[in-house]
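Grab your viewer and work through the exercises below. Each one sets a task and then walks through a solution.

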Amino acid sequence: MEQLNTEYHRPWGYYIILADEDDHKVKRIVVKPQKRLSLQLHHQRSEHWYMISGEAEVTLGEQILRLTGGEVVDIPVETAHRVMNPGADNLVFIEIQTGTYFEEDDIVRLEDDFGRM
């Protein structure tokens, strides 16, 4: 099980779990410049992303959204999504997960720059 306040490093950056409860999970996510997460969806959770700093290019279904600090996006259950950092500085955002299950094995990767299918 993942521990609170520990950095979990990935090829695109890292995340820290701030809260892990039965009805929600909260992460602080840092995406390195010019990196992106996998195009993915979840069967058992929705997500709310609150941008803290940096630039985000968010794929949400068929839409491409540009977000910066203070802006938000909601990701419904079973909706394909991805975030990319097109900027020169780190992208930092808070992810709030709600639903029935929050483990990493609920990630269905549709595309991945790092071969994690």
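**Exercise 1: a charged pair**

With which residue does Glu47 form a salt bridge, and how far apart are the closest N and O atoms? Work out also how covered the two partners are.

Solution. Keep in mind that you're looking at a predicted model.

Step 1. Find the partner. It's Arg45, and the closest N and O atoms of the pair are 3.2 Å apart. The cut-off for a salt bridge is 4 Å, so this pair passes.

Step 2. Check the cover. Glu47 has a relative accessible area of 4%, and Arg45 has 2%. Buried means under 20%, so both labels come out as buried.

Step 3. Side chains of opposite charge can pair when their charged atoms come close.

**Exercise 2: the surroundings of Glu47**

Say where Glu47 sits, then list what its side chain and the rest of the residue touch.

Solution. 

Step 1. Locate the residue: Glu47 belongs to strand β5, which covers residues 45–53.

Step 2. Look at side-chain polar contacts. One goes to Arg45 at 3.2 Å, and another goes to Trp49, also listed at 3.2 Å.

Step 3. Skip the neighbours within four places in sequence and see what else is in contact. For Glu47 that gives His42, Val73, Asp74, Ile75, His81, Glu95, Ile96 and Gln97.

**Exercise 3: ties across the sequence**

How many salt bridges does the structure hold? Take the ones made by Lys25 and Lys27, and work out which parts of the chain they link.

Solution. 

Step 1. Get the count: seven salt bridges.

Step 2. Start with Lys25. Its salt-bridge partner is Glu2, with the closest N and O atoms 3.3 Å apart. Lys25 lies in strand β3 (residues 24–31) and Glu2 in the segment before β1 (7–10), so the pair ties together parts 23 residues apart in sequence. Lys25 and Glu2 are both buried.

Step 3. Go on to Lys27, whose partner is Glu104, with 2.8 Å between the closest N and O atoms. This pair links distant parts of the chain, 77 residues apart: Glu104 is in the loop between β10 (91–99) and β11 (108–111), while Lys27 is in β3.

Step 4. Compare the cover. Glu104 is partly exposed at 25% relative accessible area, whereas Lys27 is buried at 5%.

**Exercise 4: a closer look at Glu2**

Describe the polar contacts of the Glu2 side chain and the residues in contact with Glu2.

Solution. 

Step 1. Read off the cover: Glu2 has a relative accessible area of 16%, so it counts as buried.

Step 2. List the side-chain polar contacts. Glu2 reaches the side chain of Tyr15 at 2.2 Å and that of Lys25 at 3.3 Å.

Step 3. Glu104 is the residue that forms a salt bridge with Lys27.

**Exercise 5: backbone and surface**

What is phi of Asn5 near, and what is it near for Gln34?

Solution. 

Step 1. Most residues other than glycine have a negative phi.

Step 2. Read the angles. Asn5 has a positive phi near 60°, and Gln34 has a positive phi near 65°.

Step 3. Asn5 is in the segment before β1 and is exposed, at 60% relative accessible area. Gln34 lies in the loop between β3 and β4 (39–41).

Step 4. Val72 is in strand β8 (residues 72–75) and is partly exposed at 40% relative accessibility.

Terms used
Residues numbered from 1 in each chain as written. Predicted model: local features only at pLDDT ≥ 70, side-chain atom pairs only at ≥ 80, totals over all residues. Heavy atoms only, no water. Helix = DSSP H or I, 4+ residues; strand = E, 2+ residues; numbered from the N terminus. Buried < 20%, exposed > 50% of the residue type's maximum accessible area, 1.4 Å probe, protein only. Polar contact = N/O pair within 3.5 Å; in protein donor to acceptor, adjacent residues only side chain to side chain. Contact = heavy atoms within 4.5 Å. Salt bridge = Lys/Arg side-chain N within 4 Å of Asp/Glu carboxyl O.
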